[in-house]
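Visitor: Could you take a close look at one part of this model, the places where its ligands are held, and begin with the metal?

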Amino acid sequence: MAVNRNFRVCPSTGLSYHEPAEKLMRWNAVAAVVSLLVGGVLAVLIVLTRWQAVHLLPPDWFYLLLTAHGLDMLVFWIIFFEIAVLYFCASTLLRCRLAAPNWAWAGFWLMIVGALVNNVAVFRGDSSVMFTSYVPMGAHPAFYLGLILFAVGALIACFVFLGTLAVAKSEKTYHGSVPLVTFGAITAAIIAIFTIASGAIILIPTFLWSVGLIGHIDSLMYRTVWWAFGHSSQQINVAAHVSVWYAIAAIVFGAKPMSEKVSRTAFLLYILFLQLASAHHLLADPGLTSHWKIFNTSYAMYLAVLASMVHGLTVPGAIEVAQRQKGYNKGLFEWLRKAPWGNPSFSAMFISLIGFGFLGGISGVMMGTEQLNLIIHNTIYVPGHFHATVVIGTTLAFMGLTYFLIPTLFRRELMFPGMAKWQPYVFGLGMAGFSLFMMGAGTLGVPRRHWDITFAGNPLAYDGWAGGTAWLMIAAMAICGLLATVGGAMYLLITVGSVFLGKRIATPDFAYVKARDGVAPTMKPVEVAFEAHGSNIGTAGFVAPGTFVLALVFLLSFVLYYFVNWKYLSTVWPLS
Amino acid sequence: MSAISPPTQRVWWKQPLDRVEGMWIVIAFVWCLVMFFMMPYWHVFGKQNLANEAYRTTPEAFTAKTQAMVDKYTVRVETDQKIPVVRPPAGSDVYLIARLWAWWPMLELEEGKTYRLHLASLDYLHGFSLQPENINIQVHPNYDHVVTLTPTRAGTYGIVCNEYCGINHATMVSRLYVVKSK
Ligand code: HEM
Ligand SMILES: [Cu+2]
Ligand SMILES: [Cu+2]
């Protein structure tokens with residue numbers, strides 16, 4: 001079989017795209033955006049139901065659509081997009097042909113079929129079990145089967161990615177080490193493989209149980225293994241969106257990592273630790289000892305938290321250094337003031353970083369503390385936290401990357417550039433308010449996945465929420481959530497419009513060129529002197545003093561919020 | 001464009017650490033250690049720790065124990081469904097069943113007294129959420145989770161199910177009474 005070695009070079013970015021890889025990236029991105037569209041429509045309906053003053057849907061539809069929203073967003077939107085990112089990081093950044101495009105297509109179609117089968121099962125109405133599908137509540141077998149097919153497809157994609165790295169190495173398409181962004185993608189792929197293995201360990205028996213071949217599945221065992229899968233899949237997202245942050249910083253500013261060593265080690269910590277931290281989902285469960293809980297949340301989680309705190313510094317730090325070298329060297333924050341706030345790739349990335357750190361990160365560590373978990377477990381605080389991580393963090397970062405990919409990958413001009421300027425702000429700030437108010441309501445005890453917090457008609461109704469502060473929090477949450485869906489709709493309009501109707505970017509003598517005819521790079525490694533940053537930028541011996549100040553502000557908020565919650569816990573009934 | 005191209009220095013691992021990064025790593029690491037030590041610290045000095053005590057049980061066995069308590073200590077019944085309100089002696093073992101979609105029975109406890117509260121589900125997962133105190137505990141089928149607790153303030157509390165348990169999940173609510181001890 002002949003190997004396709006056709007490449008094209010993007011005239012504006014200089015990136016080279018391998019023809020089959022390019023097509024796969026596009027199709028995966030399109031599948032992702034379609035999932036986001038479906039999930040977004042569902043978001044409007046469920047948010048209008050949780051808003052008690054509106055209370056749109058009846059309970060059966062609410063739980064059905066909530067199940068579908070969780071899956072279409074968290075699983076299908078994010079993972080399709082991640083596969084596109086993986087191919088980009090391997091094939092495009094390493095200027096290498098994609099290994100085994102046929103396998104990649106097989107994986108893609110398996111994922112499509114899996115996503116469809118799963119959605120059909122949910123929309124039939126007998127699988128409203130939420131994306132966590134805790135046993136002994138059972139779904140239709142097709143629900144699990146769809147997820148298994150999807151996971152097998154994603155696994156194939158991970159191996160195509162790793163295969164491409166091997167090809168790049170053996171065909172010497174790059175010199176030295178892989179770029180940092182590719183390294184981050186490798187992290188994501190390795191965690192993905194571990195994740196899918198855990199998923200198989202739990203979903204295959206559950207599937208067999210749903211068709212009657214296995215008699216009993218222990219609910220605690222299920223939660224333990226399910227979260228080894230469910231939590232580490234969040235780690236894939238973090239590794240992927242941190243890579244996207246670095247990529248956007250590099251694209252927009254030409255920023256280079258402050259030190260390769262630090263950033264790469266931080267990625268390595270993700271592989272080593274966070275995937276074992278599924279324990280923090282089980283802190284309120286019986287049958288596990290405190291030693292087990294503390295051990296598994298601390299050594300594992302905190303070293304990964306450390307890694308995220310490092311990335312949270314080095315990404316803006318790299319931007320600061322790049323900006324200062326360009327001459328924006330005055331004071332602490334000139335580099336930030338003079339940043340291109342009207343460039344949606346940058347603003348999306350920066351809001352993603354701040355939102356992920358301040359809202360998602362701090363709340364996540366608080367929840368993951370053994371005793372503090374008691375005051376938020378299963379409250380709406382939890383979706384408040386993860387909309388900050390997975391929506392402001394991952395989704396918004398991917399949106400920012402999309403604005404870069406539309407001209408270079410889809411070769412279309414961005415439609416509605418004026419709207420694109422605003423989109424990250426509308427979506428990011430809407431989502432930030434949404435998460436914050438959710439966390440506020442959760443602190444007051446409002447449960448998650450709950451259709452009616454007034455318990456209308458129930459003689460034993462708990463009346464602490466109706467009409468009170470929690471009520472206002474929920475209303476504010478809903479309004480901010482609707483604002484975010486407006487931001488989401490803007491994104492969909494811009495991307496779908498540009499990809500299908502946008503003005504084609506025509507390059508006069510455009511052609512795919514055979515690699516051996518000169519596309520394959522002959523990059524010379526440039527040996528730069530060790531003092532790459534130059535010692536004339538920054539203040540007081542710090543190259544990135546502004547970032548350091550921001551980091552200290554972050555730390556202060558973190559410490560305060562953390563201890564406020566201990567204080568709150570100490571007022572609760574004594575338990576042991 | 002360096003983060004998306006191979007490092008310009010082939011031996012990047014020998015590049016010295018930047019001061020900003022070095023200091024931040026130390027600070028962040030110390031903070032992680034503080035957070036780690038807070039958990040064991042609270043086990044020793046704090047008063048709110050989730051019990052490690054849990055036993056395997058079965059729906060039948062757990063129902064039998066609960067029924068025995070109800071038979072002995074019921075003081076009245078409430079609502080059309082005649083849910084018994086049970087006032088067990090201070091310090092005793094008290095049982096609370098979670099099932100689709102109710103908590104059974106209702107408990108009346110004394111302020112300042114300590115009880116061994118047994119929680120178990122007879123069917124799906126449920127969530128014990130005591131409001132407005134905001135104590136939230138996962139309830140599993142086949143596990144009898146023993147939580148030793150001391151109500152500190154008299155009043156009427158809500159027990160809400162906060163683990164999704166099917167179509168009527170949002171109707172699964174009950175009460176817990178805490179009364180002043182005489
Ligand atoms: C744009 C706006 C969005 C809005 C307004 C929105 C709104 C909501 C609401 C109201 C809930 C229900 C919370 C509850 O009752 O427990 C929810 C759950 C959820 N959302 Fe979103 N969401 C949005 C975007 C996203 C995105 C982009 C993702 C993922 C990437 C996502 C992932 C989830 C997940 C995983 C759940 C949990 C479902 C469950 O509890 O099983 N959401 N969302
Ligand atoms: Cu329940
Ligand atoms: Cu429930």
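Guide: The copper ion (ligand 2) and the copper ion (ligand 3) lie 2.6 Å apart and are bridged by Cys161(B). The model is predicted, so local features need pLDDT of at least 70 and side-chain atom pairs count only at pLDDT 80 or more, whereas totals for chains, interfaces and linings use all residues. Residues are numbered from 1 along each chain as its sequence is written, chains are lettered from A and ligands numbered from 1 in the order in which they are written, and side-chain values use heavy atoms, with hydrogens and water left out.

Consider ligand 2 in detail. His126(B) (ND1), Cys161(B) (SG), Cys165(B) (SG) and Met172(B) (SD) coordinate this copper ion at 1.9 to 2.5 Å; donors are N, O and S atoms within 2.8 Å of the metal (3.2 Å for Na, K and Ca), and sites may look incomplete because water is not among the atoms. The arrangement around ligand 2 is tetrahedral because its four donor atoms subtend angles of 97 to 127 degrees, the criterion for four donors being that all angles lie between 85 and 135 degrees. Along the chain, these donors follow the spacing H-x34-C-x3-C-x6-M. His126(B) belongs to strand E8 (residues 126-131) of chain B and Cys165(B) to the loop between strand E11 (155-161) and strand E12 (173-179) of chain B, so this pair ties together parts that are 39 residues apart in sequence. Strands (E, at least two residues) and helices (H or I, at least four) are DSSP runs, numbered from the N terminus.

Ligand 1 remains. It is surrounded by 27 residues, the closest being Arg50(A), His69(A), His387(A), Arg448(A) and Arg449(A); a residue is near a molecule if one of its heavy atoms lies within 4 Å of it. H2(A) contributes the most to the shell around ligand 1, with seven residues.

Terms used
Four donors count as tetrahedral if all angles lie between 85 and 135 degrees; four count as square planar and six as octahedral if opposite donors are over 155 degrees apart and all others between 65 and 115; anything else is irregular.
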